[in-house]
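Hi,

Please look it over first; my notes follow below.

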Amino acid sequence: MNSSVDKLAELLVEEQSQLNKKIEKNNTPFLFIDLIKAIDYYWYGKYEKKEEFEYFINFGFSYFLRQFYKTSTFNEPCLPLSPSTINSLSFCHYHLYQYGKCRVIERGMELAKNNDVILKDSFNNDFILELSAKDTLEYVENKSVDEYLRLIRNGVLKDQIKNQEKKRERILELLDKEVKVWRGHYIQYDSTPEIDEYYYREGYIHLVTTQLYDDFEEQFEFGGIPYKHFLDVVQSIIGVALKHIDACILLHKKNPKINLFDIISIPTVLEEIYPSFSNYLGIKIEHVKKIFDLLVVSAENIDVHLKDDKDFSPPFIKIGSRFVYRSIKGCLCAPILFLHNELKRQYPKDYFRWINEREVTFRNQLYHLFKSDRFIKIERNIELNSKGIRTDIDAVIFDKQTKNLGFFQLKWQDKFSSDLKARKSKISNFYPKAKEWIEKIIKWQESIDKKEILSSLNINDTDIQNIYLFVIGRYNTHFSNQEVDERAAWGSWYHMVELTHKIKTDFDDPIRELFFKLKFDSPRNKDISDEIKGDESNYKVELSNCTLTWSYA
């Protein structure tokens, strides 16, 4: 074991122990309430160095909450009602920040243990994590997801968004009439069908332009409930959260003495809201209950979600025996990821059944990029058993015009979020199998003539100009410290979609074009050193007993 890792681990345990003691000492229902208010208030508001603080808070939330649950004895059916103070929120903000710094350092240690980076101890417990710009391949590749979501917003939903913008002024006027002060410090408001319909549509736009939700077909069932119903409930929850933010702003404008942090996060009893969701969405109330059960974090499932790290985003947080707190941030940031983790935990049989069905969806989406009649597309998985070579081909596209043939290996991995253990497992499974596939396909095509290749694929043609191999992962194919086989083009699905819209060429050869686009625009060809090194504060983490500096070569 690296002695620097061991030494830093000991110092980190000391720091975490001090934080845990503070939470245990101050553990009351008021601490919980202030925690959720702090999460939402500081996420929504503006303040100096917010981006830096939020980065660490995202990593710290689950660990703060776990320590609260671990040391809490509160199990009452009711909650105290008392306004918070900026000091009590600052206490939570500070400890979220400190927990987050501990977790970021811990992640650095995990990378060092995996030999992805080098950890060195300089002096006075000042540690340095050495890595190169090439260690950011996943970061670069994930930017394609952001571009994909922008394409949805600025292209597919452009007209819907404009239509919503035209309605917004009237909706805010209607909502303003409904908003009232409740008990001197809090908020109360009713709604109308027109308001609800507007925010339900806003929920849809937010859902499809901020996160990836299409892991499963809408008709796939979990516990007898179609996946579409899960999405409908999440969409509605997002819409309600957006409505609540607008209501809070309207009330604050009319009554500036009302503190936003006292009204933006609210407690609720889920049993009391099931009927309204059931009636509005036309979903059985027992199904609504099961869906909501998948959107609540509690002492029972908090450990499962620790691996989400910065993407930990529970819409509802359990407190006591009856109440939950609704988190605006949780409803809007990554509820789908939380939902999928709970589907996997609560309905494992259904989850893995549908996981195995996703290849068909992936293949159909790929073929949608090659819609012309000039393409022959094989609508099934091809199993090869020839010349002693056994493998399969997930997708095949033949261009009748250019005589070019594309073989695709498609890998729809689960989102691993920030989970480094899942990342390591994904790499160990993905790369060897992909390289083995490339080797087998090349040996197979070299062992038989072109006409026989076409015949084995049931393609009625006599010639092949070129064969192009593609390894396409749903989310990532490029990882730090991993070499790809350059005989194939490697890329993520979202990178492919981005390239289709971003880079235009004059030559009419789509299969060859995709191959060279993926090669040319590979994350391995991009230097983002200046972007990475732009803000030194992002790369030095200070605790009371040590520091860790990220040093990019």
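Helices (H or I, at least four residues) and strands (E, at least two) are DSSP runs, numbered from the N terminus. This is a predicted model: local features need pLDDT of at least 70, side-chain atom pairs count only at pLDDT 80 or more, and totals for chains, interfaces and linings use all residues. Residues are numbered from 1 along each chain as its sequence is written, and side-chain values use heavy atoms, with hydrogens and water left out.

Backbone first. Lys49 sits in the loop between helix H2 (29–44) and helix H3 (50–71). Its phi is near 60°, a positive value in a residue other than glycine. Lys49 is exposed, at 54% relative accessible area. The cut-offs, with a 1.4 Å probe and protein chains only: buried is under 20%, exposed over 50%, partly exposed in between. Lys403 also has positive phi, near 65°. Lys403 lies in the loop between strand E14 (395–399) and strand E15 (404–411).

Now the salt bridges. The rule is a side-chain nitrogen of Lys or Arg within 4 Å of a carboxyl oxygen of Asp or Glu. The count comes to 33.

- Asp461 pairs with Lys403, the closest N and O atoms being 2.9 Å apart. Asp461 is in the loop between helix H17 (450–456) and strand E16 (466–473), so the pair ties together parts that are 58 residues apart in sequence. Asp461 is buried at 18%; Lys403 is partly exposed at 24%.
- Glu54 pairs with Lys329 at 3.4 Å. Glu54 is in H3 and Lys329 in H12 (residues 328–332), 275 residues apart. Glu54 is buried at 8%, and Lys329 is buried at 9%.
- Asp309 meets Arg107 at 3.1 Å, N to O. Asp309 is buried, with a relative accessible area of 0%. Arg107 is buried at 17%.

Last, the cores. A nonpolar core is a set of buried Ala, Val, Leu, Ile, Met, Phe, Trp, Tyr and Cys residues joined through side-chain atoms within 4.5 Å. The largest has 117 residues; Leu366, Phe407 and Phe470 touch the most other members. H8 gives the most to this core, with 14 residues. Apart from it lies another core, of 59 residues, among them Phe56, Phe59, Phe68 and Ile302.

One more from H8 (residues 227–254): Asp232 is in this helix. Asp232 is buried at 10%. Its contacts (heavy atoms within 4.5 Å) are Tyr200, Leu281 and Ile283, not counting residues up to four places away in sequence.

Best wishes
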